[in-house]
Structures are given as C-alpha cells and as structure tokens.
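Me: Please go through the fold and a few local features of this protein with me, giving the criteria behind each term as it comes up.

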Amino acid sequence: MSAQETDVEPTSSAHARFPDSLSDLQEEGKNAINSPMSPALADVHPGDTLLEENEERTMIDPTSKEDPKFKELVKVLIDWINDVLVEERIIVKQLEEDLYDGQVLQKLLEKLADRKLNVAEVTQSEIGQKQKLQTVLEAVRDVLRPHGRALQWNVDSIHGKNLVAILHLLVSLAVHFRAPIRLPENVSVQVVVVRKREGLLHSSHITEELTTTTEMIMGRFERDAFDTLFDHAPDKLSVVKKSLITFVNKHLNKLNLEVTELETQFADGVYLVLLMGLLEDYFVPLHNFYLTPDSFDQKVHNVAFAFELMLDGGLKKPKARPEDVVNLDLKSTLRVLYNLFTKYKHLE
C-alpha cells in the first residue's frame, strides 16, 4: 500500500482552527482536497469535509471511478446481487445508496447462506439501521471465519456509504460462496484520505487493492487442462461435455435417470452420490444423504459425501470444493466428472 500526505496551510489560521460558518468549512475542505496531490477532487461533496477533530473520511479519486476495470467490477457485483435476489423483487442500481442501511445485505446473506437473520425487516432511524447492520455484519463474520485476518469494513464505513468498504465486503462474499461470476483481475483504486488534526485538514493518497488474480481470488490450485480449455479453446468445451454426458448416462440409465445439463443436474449432489454407488457397485444407504435436498447446506452435504466416496474408491481429493459444484461452477463440475471418467471409462 502506498501513501503520500499533504499538510494544508489555509490562508487564515482563524478560519482553519475555528470555522464559524458552513462556507468556511467547505472552503477548508476544498483547500485540503485541492492540494497539488489531488487536483481532480475539486468537486468533493461539502459533507465530506465537515470533520470532527481526528475524524477521517475516505473517497475514491474520480479518475479511478472511470477506470474500465473498476466499472466492470461494480457492474458484475450489481448484476450478481440482482440475480441472487430476483425472487425478492429487489433491484440494486447503486451500491452505496442501496446497501448502506443493511436491508439488501441482510437479504443477500440470507439467500447465500440459506439462513434467517433475527433483525427488523425495515427501520428508518440511523440507530436502528446501524443496529441492524451490526447484526448482519456479525453474521457475515461468522460465515467468512476470517481467523484473525482483519476485515476491511465495519458498521460505520458501510453505513457511511464508503464504496471501497462495500466492494471489499461484496468481493469477500462472492469468493466465499463461489459466485458463478467472473471478477475482473487486479482491480485497484486511488483513495483520498482526509483527516482533521489540530483543526487542520490533512490529505493523503493510498492505493487500495480490490481484487488480485483469479487464482488468488478463488484460492485455486495450479492451473490445469480445464483452465486452458476455458481460456483458449472454448470451442472444444462442447466436445468434452458431450463425452462426459455419454459416460455418466451409461451408468445412470441403469436407475432410469438421465443427464442433459452438466451445469445444473449435479449441483445438489444426488446424482454424484448415486453415480459413485453405480461405479463402485454398491448401494448407498438413503440415510447417508438427502435424496431431495432443499437447502444450500444439504446440497453441500451431498456433494461432500460424494467426495468421500471418491476418496474411498481410490481417487485423489477433488480440486473443487463442494460449494463450487453447488454454486453451478461448470469448471469445477467438469473436473470432478473427468476424474471419474478417467478411472471408470472402461466399465460396462
């Protein structure tokens, strides 16, 4: 993280230390923002400069907001939220304005984690909003389990419509739940930090990293043939899918089951469990898995159980996580099925 700091000497120390009008406060803020370090920030909102002693505000440099990769990241996350919440009839248009009070975040987490939060549905007061936001963010921490790693958001930053904090939160949720989206890589923004010390405003610039590479974001292992296939030979993808569909149907047909869509029909883990029983020639007791799973956790249980059966059958531990398969990540599903195909392709 890089930073540069500028101390701002106002034309009148009396005004700087004891501003007696709104215009003085606005001018004080603009003097700091319009220092040589940040000429692009002349249009800062007056409210961003009304600081108490030692208070700090951050804002994204307008030039960073125009970066195509930053715009793509915002659009991808907005589209993802709207896809997840389509049944709730919620449409997010602007992250800062739509997420700050905790209402949308509550619905998003409830949908992703398949759990109900004990919070008021709608609250208008600032105190009520912050209390609700506190409950939602505590639930987020429980889900993410950061293990001592500092989270890059809190109640004040989210409620204060800090877009950088909101983006950090959404990226973390998307990564954890293996959202079926492609986050743009290596997205960074220039952030201006304004702090009031001894009546003077001081501004500094920092570079905030929002995403890294896909492999680092998703915690993946080394690249393999499927990474190459997706990135450089998508035309061959349909051939691979047809081969795998033929393979799985040769066995699932024995139970009068048939697969036509690899992306969706293995996502609840049921076909994976049954397929392992067919390949290894044993009956899987029905009490070991959910035959009709109706929650995210039950689907994850099924896929994880299928992975255990694969290990018992002598296969290596799958590269994918159970959550990857449940979240309709095609590459992860193909990896799992291809491992089965490689070992069992000669079975009749």
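This is a predicted model: local features need pLDDT of at least 70, side-chain atom pairs count only at pLDDT 80 or more; totals for chains, interfaces and linings use all residues.

Reply: Residues are numbered from 1 along each chain as its sequence is written, and side-chain values use heavy atoms, with hydrogens and water left out.

Me: What percentage of the residues of the protein count as buried?
Reply: Buried means under 20% relative accessible area, exposed over 50% and partly exposed in between, with a 1.4 Å probe and protein chains only. By that criterion, the share of buried residues among the 348 of the protein is 49%.

Me: How many helices and strands does the secondary structure come to?
Reply: Helices (H or I, at least four residues) and strands (E, at least two) are DSSP runs numbered from the N terminus. Counted in this way, the protein has 17 helices and 4 strands.

Me: At what angle do α6 and α9 pack, and which residues make the contact?
Reply: Axes are lines fitted to C-alpha atoms, for helices over the stretch in contact, and angles run from 0 to 180 degrees between N-to-C directions. Helix α6 (residues 103-113) and helix α9 (residues 163-176) have axes 12 Å apart and an angle of about 10 degrees, so α6 is roughly parallel to α9 (angles under 35 degrees count as such). With contact meaning heavy atoms within 4.5 Å, the residues are L105, L108 and L109 of α6 and L169, L170 and L173 of α9.

Me: How many bridges join β3 to β4?
Reply: Two strands pair if DSSP finds at least two bridges between them. Strands β3 (residues 188-197) and β4 run antiparallel, and R197 stands opposite L200 in β4. The hairpin has 2 residues between the strands, and E198 takes a positive phi near 50 degrees. Of β4 (residues 200-209), 8 of its 10 residues are buried, and the number of bridges joining β3 to β4 is 10.

Me: Is N82 buried or exposed?
Reply: N82 lies in helix α4 (residues 68-84). Leaving aside neighbours within four places in sequence, N82 is in contact with I90, I91 and V92. Its relative accessible area is 18%, so N82 is buried.

Me: Is Q124 buried or exposed?
Reply: Q124 lies in the loop between α6 and α7 (126-144). Q124 and D101 are 23 residues apart in sequence and 8.7 Å apart in space, C-alpha to C-alpha. With a relative accessible area of 66%, Q124 is exposed.

Note on methods. Angles under 35 degrees count as roughly parallel, over 145 as roughly antiparallel, 65 to 115 as roughly perpendicular and the rest as oblique.
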